[in-house]
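Thanks for asking me to look this over with you.

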2 protein chains.
Amino acid sequence: MATIHIGDPLRGKAVDLSHHLSDLARARVNSPLNKLFKYWEEPNLIIMAAGLPDPEYFPFSSVSSETLSFASLLEKNSMSRQHFPPENKTITICNETIATKDFNLTTALQYGPVTGLPQLIEFQTNLSAKVFQPAYDNFTTLIHTGNTDGWNRCVMALLNKGEGILVGEWTYPAALATATPLGVSPVPITIDGQGIRSDHLRQVLSGWDENARRMPRPHVMYIIPVGQNPSGATMGFERKKEIYAICVEFDIIIVEDDPYYFLQQGPYVPKTDRVEDQIEISANLEAYIANLVPSFLKIDYQGRVIRLDTFSKTVAPGSRLGWFTCNPMFAERLERFAEISTEGPSGFSQSLITKLLLTWKYEGYMKWVQALSQKYKAKRDFFLDCLADEFNFQIVSAGEGNTWAGSNIYLASEKLNLRDGVQTIEKVPVMRRTLFSFVPPSSGMFIWMRLHFDNHPAVGLHDVNSLELQLWELLAESGVLFAPGSIFSAGRESDKTEGYFRISFSQTKFQDMKTATSILAKVITDFFRNFV
Amino acid sequence: MATIHIGDPLRGKAVDLSHHLSDLARARVNSPLNKLFKYWEEPNLIIMAAGLPDPEYFPFSSVSSETLSFASLLEKNSMSRQHFPPENKTITICNETIATKDFNLTTALQYGPVTGLPQLIEFQTNLSAKVFQPAYDNFTTLIHTGNTDGWNRCVMALLNKGEGILVGEWTYPAALATATPLGVSPVPITIDGQGIRSDHLRQVLSGWDENARRMPRPHVMYIIPVGQNPSGATMGFERKKEIYAICVEFDIIIVEDDPYYFLQQGPYVPKTDRVEDQIEISANLEAYIANLVPSFLKIDYQGRVIRLDTFSKTVAPGSRLGWFTCNPMFAERLERFAEISTEGPSGFSQSLITKLLLTWKYEGYMKWVQALSQKYKAKRDFFLDCLADEFNFQIVSAGEGNTWAGSNIYLASEKLNLRDGVQTIEKVPVMRRTLFSFVPPSSGMFIWMRLHFDNHPAVGLHDVNSLELQLWELLAESGVLFAPGSIFSAGRESDKTEGYFRISFSQTKFQDMKTATSILAKVITDFFRNFV
């Protein structure tokens, strides 16, 4: 394996990262058919070497789509302060008989290199350069079929049986489901309001005892730094720098799974303090980008970050399309895994997304994601407003040692209902109990609701997971489905007094959010009261 | 793992196949999120449990395509004896706001179960039942993203490190590229004009010596039974029965990779003996199907066949869509692997292909593949006709022990060119040497050309692989690219006197075939002569 030389002249020396490759990644070789490829691009060569069907017999002669522009997102609720003319367009991709040579349906639907359409590669590479700004020049992008495929390939390429992955103590379950059957175990790190804690990370790594752990010190970290799933936490730049420095010190590869990056919404401001809900779209893209939290790539002077981007949250999950940004050595190994599994992503997806992006251009895509983040901001705000209508909130600053250290925590208790009159007044001490708490997320799709079972009368009688599931089922039977927190556990030590729900506000209609919060108020209040 | 009970009352007892599962397949569990799924279909439930983006923010409001029907294939060259009106149609898939509830773009582009759209499942299940006619009732189909993905999942689900796969001595290189880095080795079986030989298969299995081979007896066979890649061989029903009986006896799972199934073209008849090239489309589908060679599924009374079908050759490779047909236990395990890699196939592919199939219906698809096989038949015939124009053919019946036992072999030598006059007459003995030979394929896309280097003057001086590559490069430099046979070797014992080319006739234009064969004639003649 070739040594990779990356490093800026001021800070870094050349770093060899090839020892991170798994046995499987080392064993993967180019398809022997690649011998043929040196002739492939020769003009006038008659190619009878590959099992390609005749594109004249493809039953699709063109594909079209009615597409929306960012302005259509603003129109729907007239939330925009600015006026943008509607730019919805019909896009069409024709076969080669009537299309330009460089981008046509025939090419997209024929077998091709697993790296995908050149126009798509160009778009993703330009976006990575402008938005994520890698700290070294020869970064590479590589198409994949969504971040789950991307992470799966990272696991295959980096990890051997018996090794561990550093993860947040709560994390995306499918990420673990990929790794654990291969004999790769999660090593949970404590998280706070910004995600993975650098002090705990250093503590785990510096005190690593191979014999006690029966595992070598981990050399791979899986991290969702923006709108973390499930906690909703977003990591600031300073924390990222701390984490990166530790990863340099302990020689760790960072897999940055960042599907919610463009759903950065800014802090939640309670309704009473909020000025109008209006959407601003910045035409100054440098300013917009400068306001986003930087990617790990921006400080990655050693090439030890593999970033995963996806169109699942910004376009549609069914696109099954995204890309890696990483050093060329890792990219080359990750490419090999596509050749024996997915091959290139769907030609229909590639051609429709590529044509959409060519129509929007980089500027149009940047405006689209700005508008999109504002739409999700409006959903987040509305949902939290609904909670504020149903519960009494006390806002406190979380101190050291708290799960949400450094953040403002919203403590929710029963709302004084004047209609209850005297009867309620007697119950005030009970009502002042915190039922749940949360930190309003600044990005993504999730509220991570901590259930204060220490205030539940039956806390000594039932274990906390059982209380969590009881409440979860009661809510489901009453008409609202959250995700029980226990399914996101990466094997942290069991909490004695706290349960969790992950609540997605992303896809629920406004009226349904209103209904859901009022169901929650009734059910959770009963649940905490009826044991009194 | 549950025991699977399959078996017809006359022939079989219930068979437990669960011991074939790999360690990895046993370790794979359902995503913990599946706990949520019991509530998923509840009407009136407000779902805030999953990280779904809001489909109102998908930038595609409809997708359309201009599609062709089978009649358009016939029209192009007016090759049809029958008249069919053109039925080309524009298909459109709209979002849920204007579409019917059960099939719309919103559903296709949102996250969904990895099993795919219900209408597609129904189509593939109906097709498997009617065309492949599995020998047991509770067979299951499962969508995948193409046969390479399908085979990769089979390898993951069935094979542990250190095990072997039974394969033809020449086989699809990507199939081996999937397995070998995992420590799974090919066990080559001799092939003849029908593919894998049952006598050699039995010999290898019955004489298996674990210690000498350093490998347990293989329990998985990979086979491309129709238009085999690279040999073009198609296995008859009797041979399939022999192979299946051996697989029952030695407890072997058969992975039937059958992308060329619908490209069955019938025997080649030399141009001089051929009646007109005309296309007949049978409206009697039972009769059409009865004429196709049956799938291994038809005799699979024990559920030990995993069949892979794909739309890559019948629709377009860029579809990245196909399906497994197998027993429900294997299907369930194979499903788990999609959850941590590809997830469901592209929603654009699924919706466009599904809508096309709903438009064509089963009958329309069957007519399409009939017309398609006739189009490829015309290409095969034209290419072989071109060879006949350039070379002198002698047709002989291959005897026992010959690679192509049981088939008619075409031996090609230089054509007597009368313009050469007396000079040529003197060279007749040289010209009568066989340069190459082949068996005209009855299916698929490939001619497997055997190069008779025993007649090459330098055969003692160069090894055969080197002669093969020299000739291959000379042809490429002269303007025609074949695939060198050596890249398809599954590790058979090296042949002392024969080289091979795999020639694809599938995608080359007629005029280019003409040019290619005349280049071949010039280059190969020189190559065999110039050493004299």
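1. Let us begin with a term we will need. A polar contact is a pair of N or O atoms within 3.5 Å, where, within protein, one atom must be able to donate a hydrogen and the other to accept it. Please also keep in mind that this is a predicted model. With that rule, 47 residue pairs are in polar contact across the interface of chain B and chain A, both residues of each pair having pLDDT 80 or more.

2. How much area is buried between chain B and chain A? The value is about 9,000 Å², and carbon and sulfur atoms give 63% of it. Chain B brings 109 residues to the contact, and chain A brings 110 residues. On the chain B side, B:M48, B:Y57 and B:L481 lose the most area to chain A, together 10% of what that side buries.

3. Charges meet here too. The count between the two chains is 2 salt bridges. In a salt bridge between B:K379 and A:D54, the side chains come together at 2.6 Å, N to O. Which element gives the most to the side of chain B that touches chain A? That is α13(B), with 13 residues. Sorted by kind, the residues of this side are 63 nonpolar, 27 polar and 19 charged.

4. Now follow a sheet that takes strands from both chains. Its 4 strands form an open sheet in the order β3(A)-β2(A)-β2(B)-β3(B), with antiparallel pairing. At the edges you will find β3 (89-94) of chain A and β3 (89-94) of chain B, each pairing on one side only. From one strand to the next, the twist averages 15°.

5. Zoom in on the chain A part of that sheet. Strand β2 (residues 60-67) of chain A is joined to β3(A) by 6 bridges, and the two run antiparallel. One pair to look for is A:S65 with its bridge partner A:I91 in β3(A). Helix α13 (residues 347-390) of chain A lies across β2 and β3 of chain A together with β2 (60-67) of chain B, at about 130° to β3(A). Helix α13 (residues 347-390) of chain B packs on the sheet as well, touching β2 of chain A together with β2 and β3 of chain B.

6. Strand β17 (residues 480-481) of chain A and strand β1 (residues 46-47) of chain B run parallel, joined by 2 bridges. Here A:L481 has B:I47 as its bridge partner in β1(B).

7. Chain B has an open sheet of 6 strands, in the order β13-β14-β15-β16-β19-β18, with antiparallel pairing. Because β13 (391-397) and β18 (483-484) of chain B stand at the edges with a single partner strand each, one side of each is left without a neighbour in the sheet. Helix α16 (residues 464-478) of chain B packs on this sheet, touching β16, β18 and β19 of chain B. Helix α17 (residues 510-529) of chain B packs on the sheet too, and its direction makes about 80° with that of β13(B).

8. Finally, a few backbone details. The peptide bond from A:N229 to A:P230 is cis, with omega near 15°, and A:P230 sits in the loop between β9 (220-223) and α10 (237-249) of chain A. In chain B, a cis peptide bond joins B:N229 and B:P230. What is the phi of B:D251? It is positive, about 55°, although B:D251 is not a glycine.

Terms used: Residues are numbered from 1 along each chain as its sequence is written. Chains are lettered from A and ligands numbered from 1 in the order in which they are written. This is a predicted model: local features need pLDDT of at least 70, side-chain atom pairs count only at pLDDT 80 or more; totals for chains, interfaces and linings use all residues. Side-chain values use heavy atoms; hydrogens and water are left out. Two strands pair if DSSP finds at least two bridges between them. Axes are lines fitted to C-alpha atoms, for helices over the stretch in contact, and angles run from 0 to 180 degrees between N-to-C directions. Contact means heavy atoms within 4.5 Å. Buried area is the accessible area (1.4 Å probe) that two parts lose on being put together, summed over both. A salt bridge is a side-chain nitrogen of Lys or Arg within 4 Å of a carboxyl oxygen of Asp or Glu. A polar contact is a pair of N or O atoms within 3.5 Å; within protein, one must be able to donate a hydrogen and the other to accept it, and residues adjacent in sequence count only if both atoms are side-chain atoms. Ala, Val, Leu, Ile, Met, Phe, Trp, Tyr, Cys and Pro count as nonpolar, Asp, Glu, Lys and Arg as charged, and the others, Gly among them, as polar.
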